[in-house]
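Good morning, and thank you for the time.

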Amino acid sequence: MNKNNKLNPIYQSLFYIILVAVITCGLIPPSASADNGSVPPELQAKLILTALTYDKNLEKTDTTELNIGLLYFPESVQSREEVLNFSKTLEGFKDKKISGRSFHTVILTYEDNGGLKKKIVDEHIDVLYIAQGEKKLVLNVLEATQAEKILSCSSRAEYVTTCGVTMAVGLKDNKPKIYLNLSSAKSEGADFSAKFLRVAEIVDSGEKD
């Protein structure tokens, strides 16, 4: 990647300080949590975007813009609403840079894996955010992310263990936490820095069948 596109070390350190403060200190009160323990969209977006700056694999991607796919399952009204709300939330973070690049979001509808893989290729998706959906459908999606080597993330912390999503934001002891599945990260080609690994909650996949 061109040196001019790399995130300034000063800002990289600042991101890290903010990430540690948010995760270890808990910057939201227990009453702010909603939807069975999920983190509010604004804080969720901040944590996910900050975490992406520590994926060394994304730094190697020689593009001017990072493309984030927001995937929902049409069978679920809640899934669609989650993606639409999160898309609006991300609009408020358009000034944020990830590995020196701006980001662009694309809303995707899941039909089948063949169609999803085509959308990933056509839209040049680098990261896929997965909204709530049936477990078997989430597992199908992860087959595509691993095949296409793109990072999966979600607002559902349980998906990290029960399905194998690489990264998700959730609450632990009423504090926001980033959960990370290292085996899934490896399967999707992600390579997180040691700094990030020290503040993330590392988990193993549970039984997926």
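Predicted model: local features only at pLDDT ≥ 70, side-chain atom pairs only at ≥ 80, totals over all residues.

F86 counts as buried, because its relative accessibility is 5%; buried means under 20% relative accessible area, exposed means over 50%, and partly exposed lies in between, with a 1.4 Å probe and protein chains only. Residues are numbered from 1 along each chain as its sequence is written, and side-chain values use heavy atoms, with hydrogens and water left out.

Rings of Phe, Tyr and Trp (its six-membered ring) pair if their centres lie within 6.5 Å; planes under 30 degrees apart count as stacked, over 60 as edge-to-face, and the rest as tilted.

One of the pairs joins Y54 and F196, which are stacked at 6.2 Å centre to centre with 15° between the planes. Y54 sits in the loop between helix 2 (41–52) and helix 3 (56–59), whereas F196 belongs to helix 9 (residues 194–199), so that this pair links distant parts of the chain, 142 residues apart. Both Y54 and F196 are buried.

F86 and Y129 make another stacked pair, with 4.3 Å centre to centre and 20° between the planes. Since F86 lies in helix 4 (residues 77–91) and Y129 in strand 3 (residues 127–130), the pair ties together parts that are 43 residues apart in sequence. Helices (H or I, at least four residues) and strands (E, at least two) are DSSP runs numbered from the N terminus. Y129 is buried, with a relative accessible area of 1%.

Let me turn to the cavities. There are 2 cavities of 30 Å³ or more in the whole structure. A cavity here is a set of points, on a 1 Å grid over the protein atoms alone, where a 1.4 Å probe fits but cannot get out; lining residues have an atom within 4 Å of a point. Grid points are joined across faces, edges and corners, and a volume is the space filled by probe spheres set on the points.

The second largest cavity holds about 40 Å³ of space.

Next, consider E82, which is placed in helix 4. Is E82 buried or exposed? With a relative accessible area of 12%, E82 is buried. Leaving aside neighbours within four places in sequence, E82 is in contact (heavy atoms within 4.5 Å) with Y129, I130, A131, Q132, S155 and R156.

Y159, in helix 7 (residues 158–162), is buried as well, at a relative accessible area of 8%. Not counting residues up to four places away in sequence, Y159 touches A131, Q132, G133, V138, S154, G164 and V165.

Finally, the chain as a whole: it has 9 helices and 7 strands, and buried residues make up 48% of its 209 residues.

Conventions. 1 Å grid on protein atoms, 1.4 Å probe; cavity = no way out; pocket = protein on both sides within 12 Å on 5 of 7 lines; lining within 4 Å.
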